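This report describes a two-chain model, going from the whole chains to selected elements and residues. The sequence and structure come first.

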Amino acid sequence: MNMNRFKEKSISLVDLESNFQEIEPDLAPNETIDESNRCLYCYDAPCIKACPTGIDIPSFIKKIASGNLKGSARVIMEANPVGASCSRVCPVEELCEGACVLNDASMPIMIGNLQRHATNWAIKNNATLFEAGEDNGKSVAIVGGGPAGLASARELARLGFKVTIFEAKEKAGGLDTYGIVSFRLPQEVSLWEVEQVEKLGVEIRTNTMVGRDISVDDIVNGYDAVVLAVGMSKVPMLGIDGEDAKGVYDAIEYVESTKTPPFSKDIVGKKVAVIGAGNTAIDAATCSVRLGAEEVNMVYRRTEAEMTAYEFEYEFAKQDRIGFKWLTQPVGILTNEKGEVNGLKCVKMELGEPEADGRRRPKPVEGSEFVMEVDAVIKAIGQSRYVDLIEEFGLEHKWGIVQINQDTFQTSNPKVYSAGDVIFGDGQGEAMVVTAAEQGKQAAYAIHKELIGETETAAV
Amino acid sequence: MVDLRTNFAGIKAPNPFWLASAPPTNTGYQVQRAFEAGWGGAVWKTLGDPILNVSSRFAGTSFNGQQVAGFNNIELISDRPLEVNLQEIYETKKKYPNHAVIASLMVEPTQEKWHEIVKKTQAVGVDGFELNFGCPHGMAERGMGAASGQVPELVQKQTTWAKEAAEVPVIVKLTPNITDITATAYAAVQGGADAISMINTINSLAGVDLDSWNTIPNVAGKGAHGGYCGPAVKPIALNMVAECARDPELNNIPISGMGGISTWQDAVEYMLMGAGSVQVCTAAMHHGFSIVEDMVDGLSNYMEEKGLQSLDDIVGKSVPKYSDWGNLDLNFKTVARINNDVCINCNKCHIACEDTSHQCIDMLTANDGTEYLEVREEDCVGCNLCSIVCPVDGAIDMIDIPSKEPMTWNERQAAIKQSATSAKELI
């Protein structure tokens, strides 16, 4: 995300939909030529090593320069089945662009934007990039149609498996479809990626929740292998008074509501407090601004130094004139007589000694309670886990984090593999779309190795 | 203040930058605008019997997004009536008496034709002539331009005819579409030329359109070879200038150099290699006449910095350094050295050396985990490839290594021959 390239945008209080248009423009044709030619085409390039899916970045950029857009899109999507989404949502400063050798000489190549250009071409030209492999007679069930599940399904289909994805929501794509703010990632990009997987013969059963609409036993017994890629669940309860008041939102659901029109006018002119300081919290805050909020503040019990949001997300929030209440712990949500939020009771905090994770533990300052006048409270303090489902599968887990064999992505049930956010946490993996995609791919290769044996992988 | 005034074979100009005979010098309006912009001289677009041009005439070649790396044209000599051109030359010269106006000429290879055009043109006050023996397309099919420029006897004969009628200096413009340009240069000298200029354009086909499969450019679906110029041809042209400059049989005849000159640096290179004036066309066509400002300014600053007073201090100064391969020192050794504090680790030098040269750049990891590149100097042949592909200034230096007594191939062969002779004598 390059903020210098953002379109000059004012927030409309009337046409909310316009506030959610992609904020960074596509590269202009000349920019793609200049930028792709600027790439040095490094040997053993550090950008490739910095990409969790190992996209051959110099190769796809060279192909843009040579006018081979189809080849370019194929290089990207081959390594990363959600490469169009990733071009928009990856923290490129931390990954490929951060590793670009030109950081030391001039300016890094706009790898994300070039990737977006090549995948845009594929979307616009309805290009067929991959074909299903010859039927190998084996079947795989994938639980969850997010980035990990789709990546797994795409590779399995290319390897000749019969793949069925079970998706609880109306559309597949997971976070890319529902969880990433539209002005960063329009939903149609994610849906195109879903379509590419479907084109390989993968059946996607939407509105189908495993454990409710189909039993876990049917899944485990009906297929030769299972990939559990259900991600994470709702924002957990804060455990404070007034949490069920009208005007209290779950950040994940809140962002989801802005993915497709119509947009709620409930926030127009309101004062919003977002609890938390991670990337989702920032999404909720920036969405609030675009939904017409008059004032948005983020409330965090630690300081700027401990916040988990990426640097560029934080910068983006500041540009959106979002306020930050550091060292502030919400202790109660106040309501009016109609049960609507009208205040957030907080206490000031101070940092104590570092905890086991290295972060300093905040503790309340006595007698520092105060009330913030707010009309809405958005909870963004992390996500809870699908513990019940994991237990129904009978898998070993740590607080809902499915435990896997790091080499094979196999769970405690060797027939069940797992990838994506459901295995993220407690030092295991990274919570990025691109990591989920890579894990999904690796799980697919592991299944292929287990069920078919050591033949060529991804050779379609 | 440095003095940029030139006296090239008797043609005086405020600076050595002339517009070459080409579309930029088609009319009085253009030439006068050029003089206003700072050009020291202009070679008028070739005069001759009126011709007909085709539509769709130029094509540029791009390289990695850089437009006009090369330039191709199928335009012929002036398509305006001779009288109109002469009138405008007269007016221009009257308005700019201190600037050089040179008339480029091309007629059929007869004495009568040459006398006629030289006399007519001389009458309007030109400072010199440039005989166009180089235009490679169209005119060549009619026995003129490159067709006559490729035959030394014709070059000599036509030069003589022009000289018979000329009272001002005659420059002979040579075609590069020939195996050895010194042969035609020699013919020009024999014909009495006051100077030579080079190069005209090189036979070329700019490209083929991948969708229509038409040539680029195409005239109603058909193409014909054109003449190539622009930055891409500079090394070819520079060599031809240097070969003529160092040829003792050409008696230091003044050379006006051209071919891909885009900056003052290019111009200095040409001058060092013997050009007494330089001509520019493509760069002006790409950017307009104003580019001469930096050419003049850059040249002045360069000369000031180097403590040079006049162009005589530059012209030809590198010619003695240009020789035959057989005179190069076989014992000289230069090796690549990588400066790891400047290197950005793109590894382009490694792969270039590994795949295409002598496999002597290692990719290594230090104890602290940092990756770095190192040249195994004992295996390095000093080919320069790594420093050529390196994208960062100062990351790779070519270092001269002290070596044994110099020994050239020619000296070596002479020594072998001598020892063979002495051996024979011993028998």
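## Chain folds and contacts

Among the contacts of chain A that link residues at least 6 apart in sequence, 70% are between residues at least 24 apart. For chain B, residues 24 or more positions apart make up 73% of the contacts with a separation of 6 or more.

The model is predicted. For the complex, the predictor reports an ipTM of 0.88 and a pTM of 0.92. Chain B has a mean pLDDT of 96, with 100% of its residues at 70 or more.

## Domains and the contact between chains

The domain assignment divides chain A into domain 1 (24-124), domain 2 (139-233 + 385-451) and domain 3 (248-379). Taken over C-alpha atoms, the centres of domain 2 and domain 3 of chain A are separated by 31 Å. Where these two domains of chain A meet, six residues of domain 2 are in contact with ten residues of domain 3. The domain 2 side of this contact has three nonpolar, three polar and no charged residues.

In chain B the assignment gives domain 1 (6-321) and domain 2 (325-401). The centres of these two domains of chain B are separated by 40 Å, again over C-alpha atoms.

Between the chains, eleven residues of chain B and eleven residues of chain A take part in the contact. On the chain B side, five of the residues are nonpolar, five are polar and one is charged.

## Nonpolar cores

The largest nonpolar core contains 150 residues, and A:Val143, A:Val274 and A:Ile378 have the most contacts inside it. Helix H16 (residues 433-451) of chain A gives the most to this core, with eight residues. Setting aside residues up to four places away in sequence, A:Val274 touches A:Ala281, A:Ala284, A:Ala285, A:Val296, A:Met298, A:Val299, A:Ile378 and A:Ala380. A second, separate core has 95 residues, including B:Val107, B:Met139, B:Met144 and B:Ile261.

## Helices H3 and H4 of chain A

Helix H3 (residues 57-65) of chain A is mostly covered, with seven of its nine residues buried. These are A:Ile57, A:Pro58, A:Phe60, A:Ile61, A:Lys63, A:Ile64 and A:Ala65. They pack against five helices of chain A: H1 (29-38), H2 (46-50), H4 (69-79), H6 (96-99) and H7 (111-124). Just after H3(A) comes A:Gly67, which has a positive phi of about 85 degrees.

H4(A) is likewise mostly covered, and nine of its eleven residues are buried. The buried set consists of A:Leu69, A:Ser72, A:Ala73, A:Arg74, A:Val75, A:Ile76, A:Met77, A:Glu78 and A:Ala79. In chain A, the buried residues of H4 pack against H3, helix H5 (83-89) and H7.

## A loop residue in chain B

B:Asn15 lies in the loop between strand E2 (11-13) and strand E3 (17-19) of chain B. Why does B:Asn15 count as buried? B:Asn15 has 24 C-beta neighbours inside 10 Å, and a residue is buried if 20 or more other C-beta atoms lie within that distance. Leaving aside neighbours within four places in sequence, B:Asn15 is in contact with B:Leu4, B:Thr6, B:Gly40 and B:Val296. The C-alpha atoms of B:Asn15 and B:Asp3 are separated by 8.4 Å, with the two residues twelve apart along the chain.

Conventions
Residues are numbered from 1 along each chain as its sequence is written. Chains are lettered from A and ligands numbered from 1 in the order in which they are written. This is a predicted model: local features need pLDDT of at least 70, side-chain atom pairs count only at pLDDT 80 or more; totals for chains, interfaces and linings use all residues. Two residues are in contact if their C-beta atoms, placed from the backbone, lie within 7 Å. Ala, Val, Leu, Ile, Met, Phe, Trp, Tyr, Cys and Pro count as nonpolar, Asp, Glu, Lys and Arg as charged, and the others, Gly among them, as polar. pLDDT is the predictor's confidence in each residue, from 0 to 100. Domain bounds come from an automatic or database domain assignment. A nonpolar core is a set of buried Ala, Val, Leu, Ile, Met, Phe, Trp, Tyr and Cys residues joined through C-beta atoms within 7 Å. A residue is buried if 20 or more other C-beta atoms lie within 10 Å of its own, exposed if 12 or fewer, and partly exposed in between; C-beta atoms are placed from the backbone. Helices (H or I, at least four residues) and strands (E, at least two) are DSSP runs, numbered from the N terminus.
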